[in-house]
Amino acid sequence: MRHVTCIIALLLLQRPVLAADATGLRPWPEYRTIMWVGKSAYRKPEKIPLFFERMRELGINAVTLHADAANQPALAQNFPYYVENIVNRGLCLKFNSTVRDWDKFIRGWMEGGRPDTALVRDYSLDDPQWLGTARRQMQAAARQAGEHGPLAYDIRDELSTTISANPFDYDFGPASLAGFRVWLKTQYADLAALNAEWETQFAAWDEVRPFTTDQIKQRMANRSTGSGQSGAAALQPGVDWAALRRVKFDAAQARQEPTRWNFAPWADFRTYMDIALSRALGELRAAAHAVDPRTPVGIEGTQMPSAFGGYDLWRLAQVLDWVEPYDIGGAREIFGSFMPGKPILTTVFEKETRTAQRRLWHLLLEGDRGCIIWWSEDCLEWASDDYAPTAKARALAPVLHELQSPLGQLFLRARRETDPIYFVYSQPSLQVDWLLESIPDGASWPRRFSSFEANHNQLARRRVGWLKLCQDLGYTPQFIAAERLPELARSGPKGAALLVADALALAEGEARAVAELARAGAAVMGNGPIAAFDEHGRLRRESATPSVVAGGAGPGQPASARPATAYVVQPADDIGGYLAQRLRGTDAGWLGWAEAQLRIPREVSVPAATHTRIHRYRLGSARLLAFERNIVYHMSEDLKQAGGNEPLEQPVEVEAKLAAAAHVYDLRTGKYVGHTDRVTFTLDPWQPSLFAVLPEKAAGGDVVAELLER
């Protein structure tokens with residue numbers, strides 16, 4: 001009883017636990033180049049000063065320290081550090097658990113009859129004993145380091161409720177199910193309301209049990225025999241996988257057999273596991289802040305948005321002070337929208353100057369406050385007497401120095417501008433989409449590992465397609481959580497645009513907000529049935545959004561203007577195809593079609609066919625502009641950047657048009673371009689072109705220094 005009481009206490013708040021006011025955190029004004037330090041650095045104590053000397057020479061200005069490592073070497077050398085991997089048990093199952101070999105584990109589960117007994121996680125995120133231990137670990141780290149002002153605390157790297165974002169039905173352990181039932185009581189008025197939504201007949205709350213993925217796929221295969229006495233009893237034994245593979249989702253036809261498409265008994269549990277992870281992280285952040293309220297607390301190695309693993313990026317963003325995301329499926333752009341002003345870092349795996357320069361400048365322009373170099377073991381020649389830098393370290397050094405230069409600092413101080421183009425982020429839609437996309441996999445759905453999803457998930461492909469389309473047109477869109485749509489409808493900027501791409505599942509208020517925005521004249525664009533499901537993943541009996549019309553886009557189709565009435569406009573073709581078309585030198589009508597729909601004025605424009613990304617900033621009365629080739633950044637499972645951008649790796653002549661004439665300076669050369677509304681330059685594919693746009697001429701010769709003094 002004491003165990004369940006603790007769970008209830010944790011769950012009384014529906015939102016994640018928040019730490020102290022973020023304004024009390026220590027400022028992060030500099031660009032931090034952090035070396036992830038291996039054991040070789042401290043193996044010879046007499047050479048520790050030499051190690052830090054080499055770090056400074058290479059442009060490294062901070063290091064990592066493990067939670068159980070002594071901080072004296074770094075302190076003695078006056079070297080900033082952050083504390084790494086504080087909680088090692090329970091958050092990252094690839095270490096310190098019985099399922100470290102995930103492929104072997106899944107293969108054994110599938111071949112061994114797919115037993116429910118395997119659905120119990122080694123460490124329950126609802127276990128107060130585990131949480132208590134983790135909180136003490138956070139506070140011990142904060143007590144040891146807090147007085148020295150560390151850069152940050154890293155709760156854990158590559159954490160997950162499973163491993164990465166791999167699909168599996170964790171956690172059916174007693175503590176997790178008890179917590180789930182408590183949470184359900186905050187979502188449904190009573191048990192009858194839950195049974196009505198789930199189409200089940202549970203007689204008591206203690207009997208409530210979510211559907212496993214196999215069970216929800218049984219329902220999808222139309223193996224339901226009626227509502228039955230419980231979720232499990234409502235299904236015939238076994239899944240007819242052949243029948244499931246024949247299932248096709250069509251919103252209109254699906255409403256003829258709605259039970260098949262009622263995913264609520266499964267989706268609610270996926271939501272709860274997202275909450276369990278974000279709630280635990282919020283508790284751990286609060287524990288550290290209770291000892292050290294000044295140091296930011298975050299996590300590293302996050303995955304793409306996913307139905308599994310706990311990767312609801314909106315929820316995670318609410319409980320983190322900083323993050324280091326793996327940029328898969330637009331994850332960096334999403335976190336950037338959800339964590340404005342908070343430090344975001346990246347890990348550097350590149351070994352060449354050009355590729356590192358291109359990506360790190362790109363991320364600095366996106367708002368990154370630093371990078372983590374992986375790792376010291378291959379950056380120095382440890383067998384040499386002088387710890388000579390390796391070829392990789394020599395290649396990275398000029399980039400790291402440049403990012404810390406006054407030019408890099410200028411962009412860190414400026415305020416980044418975005419456009420009123422809002423891309424809806426909906427975690428229930430991700431859940432529904434996963435079930436629909438995994439239909440062809442049949443019984444092998446557990447093998448849709450995150451490595452597979454990174455390259456084959458169609459929702460992610462369309463998400464990036466929309467992003468690149470807007471960016472090619474010169475816009476800087478932003479993501480908005482679905483729950484904030486009513487607020488946008490009430491008080492958002494006039495003339496906004498809304499991208500509801502794959503917004504399959506929305507709450508009633510969210511769907512109503514989409515309709516209100518459309519009626520108010522916003523350009524509402526999307527693909528797929530919008531709000532066909534509610535926020536629990538249950539198919540609606542009728543549409544909850546305005547009428548959908550197809551706009552002309554695609555090979556051989558003319559571009560068409562947006563209708564003046566309340567419509568959600570859908571392209572005729574798959575937006576994901578734009579990613580390949582733009583690299584072949586054709587847009588198949590996409591650019592003209594999208595421009596006709598958006599109708600949002602641009603302060604700066606370039607020919608869309610050049611595929612140039614424009615970044616805009618304000619620094620007092622000055623404006624800063626950055627131009628880069630708009631390549632697709634996509635981290636592969638081995639944590640290296642995927643290729644495919646070769647057509648954009650050529651210089652291109654660009655003419656940028658300004659909304660009004662101003663005094664323009666080339667920030668790289670310091671040269672005065674003139675008082676003009678047009679700037680012509682050659683865009684290097686490996687580094688951005690940077691300009692200052694001023695209302696008056698600069699007083700001195702060093703425009704960067706003058707701007708930094710403002």
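**Close-up 1. Asp-441 and Arg-448, a buried pair.** Both Asp-441 and Arg-448 are buried, a word used here for residues under 20% relative accessible area, with exposed meaning over 50% and partly exposed in between (1.4 Å probe, protein chains only). The two residues form a salt bridge in which the closest N and O atoms are 2.6 Å apart, the term standing for a side-chain nitrogen of Lys or Arg within 4 Å of a carboxyl oxygen of Asp or Glu. The model is predicted, so local features need pLDDT of at least 70 and side-chain atom pairs count only at pLDDT 80 or more, whereas totals for chains, interfaces and linings use all residues. Residues are numbered from 1 along each chain as its sequence is written, and side-chain values use heavy atoms, with hydrogens and water left out.

**Close-up 2. The salt bridge between Arg-279 and Asp-126.** The side chains of these residues meet at 2.8 Å, N to O. Because Arg-279 belongs to helix α11 (residues 264-291) and Asp-126 to the loop between α4 (102-111) and α5 (128-145), the pair ties together parts that are 153 residues apart in sequence; helices (H or I, at least four residues) and strands (E, at least two) are DSSP runs, numbered from the N terminus. Arg-279 and Asp-126 are both buried.

**Close-up 3. The salt bridge between Asp-419 and Arg-616.** Here the side chains meet at 3.2 Å, N to O. Asp-419 lies in the loop between β9 (415-416) and β10 (421-425) and Arg-616 in strand β17 (residues 612-619), so the pair joins parts that are 197 residues apart in sequence. Asp-419 is buried at 7% relative accessible area, and Arg-616 is buried at 6% relative accessibility.
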